[in-house]
Amino acid sequence: MGGNRLMVHRSAVPAIAQRIKALEEVSAETDCVLNFDLDTLFLGSAVPLLEEITAEHKSGIFGVSERENQDKWMKQMKLKEIVNTPLYFNTDLMCYKADCKGLYEKFIKTIEEKGDFIYCPEQDFVNLHFRKKHQLSGEFNAIWFNPGYKDMAPLMVHYLSMEKPWNRFIYLDFRAYAYWQKYLSACERMESYLDREFLKRVRSNVRRVK
C-alpha cells in the first residue's frame, strides 16, 4: 500500500481482499448479495429492502451515501480525494446486483495503480468501480453519531468509529444510549453463539454508562 495513510488498520487489509473475492464468487451464484459488517445491529427485517431492489432495479449497487462525512474527513486530514462521485457509499451495508466477474483482479490492480490515494481499500474501490449506484434511505445504515438518527426508526444501526459496544468508550449522548442497550440485549439473546469474553466486555461497557 506504499506510504499512504489507511483509514482502516493494516491488519484488516487481507480480510478486505478476501471479502472482495467472496463477493465475486457469491455473485456468480445468485442475483443479489447483501453484505454487512459485524459492527452493525439489525432492528428489523432486510426482506423489504431486498424486495424493493429486486422489483425496481435490474442492476446496480445499493447503499447509503456518506458523501458529506467523506468530504469532511478528507478535508480534516488533508487527503486527496480520488473518488469524486456524487454518491459515496458506506460499505458496512451494501447490496450488489451487478456483474462481479473478475472483481478481485480489478481490486488488486486498482490498489497497485492508486494505492497512495486509497484510504479505505474496499470502500474506495467499490465506489470507484461500480458506476450505477442507487441510494437507500439513511434508515438502512444509521451511523450512531450522525445528527438526526435518533429521531428515526432505523432498520440498522452502524457503530462506526472506535466507540463500539465491545470497546471501552466515553459515552456522552444519553439519548442514543438505548441503541447501545439494544446491542447488549441482542447479544444476550444469542449468548450461546458468542465468545464468553466478548459478551462480558459488551455487558461491562454498556452497563458502565448507567
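Buried means under 20% relative accessible area, exposed over 50% and partly exposed in between, taken with a 1.4 Å probe on protein chains only. The notes below apply that scale to a predicted model, in which local features need pLDDT of at least 70, side-chain atom pairs count only at pLDDT 80 or more, and totals for chains, interfaces and linings use all residues. Residues are numbered from 1 along each chain as its sequence is written, and side-chain values use heavy atoms, with hydrogens and water left out.

1. Tryptophan 166 has a relative accessible area of 16%, so this residue is buried. The model contains seven aromatic pairs; rings of Phe, Tyr and Trp (its six-membered ring) pair if their centres lie within 6.5 Å, and planes under 30 degrees apart count as stacked, over 60 as edge-to-face and the rest as tilted. Tryptophan 166 and tyrosine 183 form a tilted pair because their ring centres are 5.7 Å apart and their planes stand at 40 degrees. Tryptophan 166 is in the loop between β7 and α6 and tyrosine 183 is in helix α6, so the pair ties together parts 17 residues apart in sequence. Helices (H or I, at least four residues) and strands (E, at least two) are DSSP runs, numbered from the N terminus. Tyrosine 183, like tryptophan 166, is buried.

2. Tryptophan 166 also pairs with phenylalanine 198, with ring centres 5.7 Å apart and planes at 40 degrees, so this pair is tilted. Phenylalanine 198 belongs to helix α7 (residues 196-207), and the pair therefore ties the loop between β7 and α6 to a part 32 residues away in sequence.

Ring pairs join Tyr159, Trp166, Trp180, Tyr183 and Phe198 into a cluster.

3. Lysine 164 sits in the loop between β7 (156-158) and α6 (177-189). Its relative accessibility is 13%, so lysine 164 counts as buried. The side chains of lysine 164 and aspartate 39 make a polar contact of 2.8 Å. A polar contact is a pair of N or O atoms within 3.5 Å; within protein, one must be able to donate a hydrogen and the other to accept it, and residues adjacent in sequence count only if both atoms are side-chain atoms.

4. Leucine 50 is part of helix α2 (residues 47-56). With a relative accessible area of 28%, leucine 50 is partly exposed. Neighbours within four places in sequence aside, leucine 50 is in contact (heavy atoms within 4.5 Å) with Cys32, Leu34 and Cys95.
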